[in-house]
Amino acid sequence: LGAAQVGKYKAEALKEQLSLDFPHLESVESVAKRFELLEDEQLSALATCDVVLSAGLDISADFSIDEWRFSLEEAPVHVCTWVEALALAGHAVALAGKERLLSGFEPDGAPRFRLVDWGGVRTQFREAGCGSLFQPHSAADLQFTVAMASSLVLRVLTSESTTSCREAWHGDRELVRALGGVPRPDFSTSRSYVAHTWP
């Protein structure tokens, strides 16, 4: 989504964009509600999907999706993606069957496989006026994680990827250091995608 969608609900804006870009799709639906507030009928419809993609949600919403999937006899694959601070590292996981997103996280909600420690470096800022928290990052840096997650969704949809997995984008290690971050040992290369088993 871009400047044309500013001021619109993300779900509705994405529905409109998908309908424009892929007019052959039989149905594109949007619901302007948090996942936790979906009604049983909406959850039943969602359960018939092949893939549920969550991107940019807060961790409680992703864990709600995880709990819902685990309650289903046959659950759609859940592809979950997010970036670490400043979008210099990113992750995408595909969860099939009864695999749990929760198993890859610490009790405090931090991922067990994060790539950068920021210590006391400030990575979140408060927006003047409304008080919303945000993380400044380059749109260019963000696109590497977007591309990785998009590729993973396509591999799931074409059955090229049928088991749970995790992928990571390793951005610029030197920039991480210059900004005060400390790359963890797994962050050994810059500008590369690395595939892992889950968790």
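Trainee: What order do the strands of the open sheet come in?
Mentor: Five would be my word for the count: 5 strands run β1-β2-β3-β7-β9, with mixed pairing. Strands here are DSSP runs of E with at least two residues, helices are runs of H or I with at least four, and both are numbered from the N terminus. Two strands pair if DSSP finds at least two bridges between them. This is a predicted model, where local features need pLDDT of at least 70 and side-chain atom pairs count only at pLDDT 80 or more, while totals for chains, interfaces and linings use all residues. Residues are numbered from 1 along each chain as its sequence is written, and side-chain values use heavy atoms, leaving out hydrogens and water.

Trainee: Which are the edge strands?
Mentor: β1 (51-55) and β9, since each pairs on one side only.

Trainee: And in what sense do β1 and β2 pair?
Mentor: Parallel, over 5 bridges, with β2 covering residues 77-83. Val52 stands opposite His78 in β2.

Trainee: Which strands does α4 lie across?
Mentor: β1, β2, β3, β7 and β9, and α4 runs at about 15 degrees to β3. Angles run from 0 to 180 degrees between N-to-C directions, using axes that are lines fitted to C-alpha atoms, for helices over the stretch in contact. Contact means heavy atoms within 4.5 Å. Helix α3 (residues 59-71) lies across β1, β2 and β3, at about 165 degrees to β2.

Trainee: Switching topic: how many aromatic pairs are there?
Mentor: The structure holds 8. Rings of Phe, Tyr and Trp (its six-membered ring) pair if their centres lie within 6.5 Å; planes under 30 degrees apart are stacked, over 60 edge-to-face, the rest tilted. Phe113 and Trp198 are edge-to-face because their planes are at 70 degrees, with centres 5.8 Å apart.

Trainee: Is Phe113 buried or exposed?
Mentor: Buried, at 7% relative accessibility. The cut-offs are under 20% relative accessible area for buried, over 50% for exposed and in between for partly exposed (1.4 Å probe, protein chains only). Trp198 is buried too, at 8%.

Trainee: What about Phe144 and Trp169?
Mentor: That pair is stacked, 4.3 Å centre to centre with 10 degrees between the planes. Phe144 is in helix α4 (residues 139-157) and Trp169 in strand β7 (residues 165-170), so the pair ties together parts 25 residues apart in sequence. Phe144 is partly exposed at 35% relative accessibility, whereas Trp169 is buried at 5%.
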